[in-house]
Amino acid sequence: MAHLLSSERPLHAAAPFRPLLALATFFANARKRRAERVALRDLLEYDVHRLDDLGINRLDLFEAIDSPTTRPGLKLARARAESARHWLDR
């Protein structure tokens, strides 16, 4: 703002820049993404029957791995819920 009256306040206050907090957040997110990749890779080692007991299949795992922008846990939970809905129809 070029002109600011003393009684006016900006809508948003300027947030202080904290580089150490930003760096810590970056490493925490990287650690979380790595843990998700390791968990999905471990699930790929399960046989078909164990995955079926969990309510997912290999295709669900590959879809979760291939779409890292979305949350893979949510994708697998939806697949599991869909499998549970259709469990009695088998």
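This report covers the fold, the surface and a few side-chain pairings of one protein.

The model is predicted, so local features need pLDDT of at least 70 and side-chain atom pairs count only at pLDDT 80 or more, while totals for chains, interfaces and linings use all residues. Residues are numbered from 1 along each chain as its sequence is written, and side-chain values use heavy atoms, with hydrogens and water left out.

**Overall fold**

The protein has 4 helices and 0 strands. Its pattern along the sequence is α-α-α-α. Helices here are DSSP runs of H or I with at least four residues, strands are E runs of at least two, and numbering starts at the N terminus.

Of the 90 residues, 14% are buried. Buried means under 20% relative accessible area, exposed means over 50%, and partly exposed lies in between (1.4 Å probe, protein chains only). The accessible surface is about 8100 Å². Carbon and sulfur atoms hold 60% of that surface. Areas come from the Shrake-Rupley method with a 1.4 Å probe; for residues, only the protein chains shown count as cover.

Contact means heavy atoms within 4.5 Å. Among contacts between residues at least 6 apart in sequence, 32% join residues at least 24 apart.

**Aromatic residues and the nonpolar patch**

The whole structure contains 1 aromatic pair. The ring centres of Phe26 and Phe27 lie 5.5 Å apart with planes at 65°, so this pair is edge-to-face. The rule covers rings of Phe, Tyr and Trp (its six-membered ring) with centres within 6.5 Å; planes under 30 degrees apart are stacked, over 60 edge-to-face, and the rest tilted.

Phe27 belongs to helix α1, residues 19–44. Leu23, Phe26 and Phe27 make a nonpolar surface patch of about 310 Å². Patch residues have over 30% relative accessible area and no salt bridge; like charges are joined within 9 Å, and nonpolar side chains (Val, Leu, Ile, Met, Phe, Trp, Tyr) within 5 Å.

Elsewhere, Arg50 lies over the face of Tyr46, 4.1 Å from the ring centre. A charge sits over a ring if NZ of Lys or CZ of Arg is within 6 Å of the ring centre and within 35 degrees of the ring normal.

The structure holds 1 salt bridge. It joins the side chains of Arg85 and Glu82 at 2.4 Å, N to O. The cut-off is a side-chain nitrogen of Lys or Arg within 4 Å of a carboxyl oxygen of Asp or Glu. Arg85 and Glu82 are 3 residues apart in helix α4 (residues 72–85), or about one helical turn.

**Ile65 in helix α3**

Ile65 sits in helix α3, residues 58–66. Leaving aside residues up to four places away in sequence, Ile65 touches Leu40 and Leu44. Ile65 and Arg37 are 28 residues apart in sequence, yet 7.3 Å apart in space, C-alpha to C-alpha.

**Side-chain exposure**

The table lists relative accessible areas for residues discussed above.

| Residue | Relative accessible area | Class |
|---|---|---|
| Phe26 | 49% | partly exposed |
| Phe27 | 45% | partly exposed |
| Glu82 | 35% | partly exposed |
| Arg85 | 57% | exposed |
| Ile65 | 35% | partly exposed |
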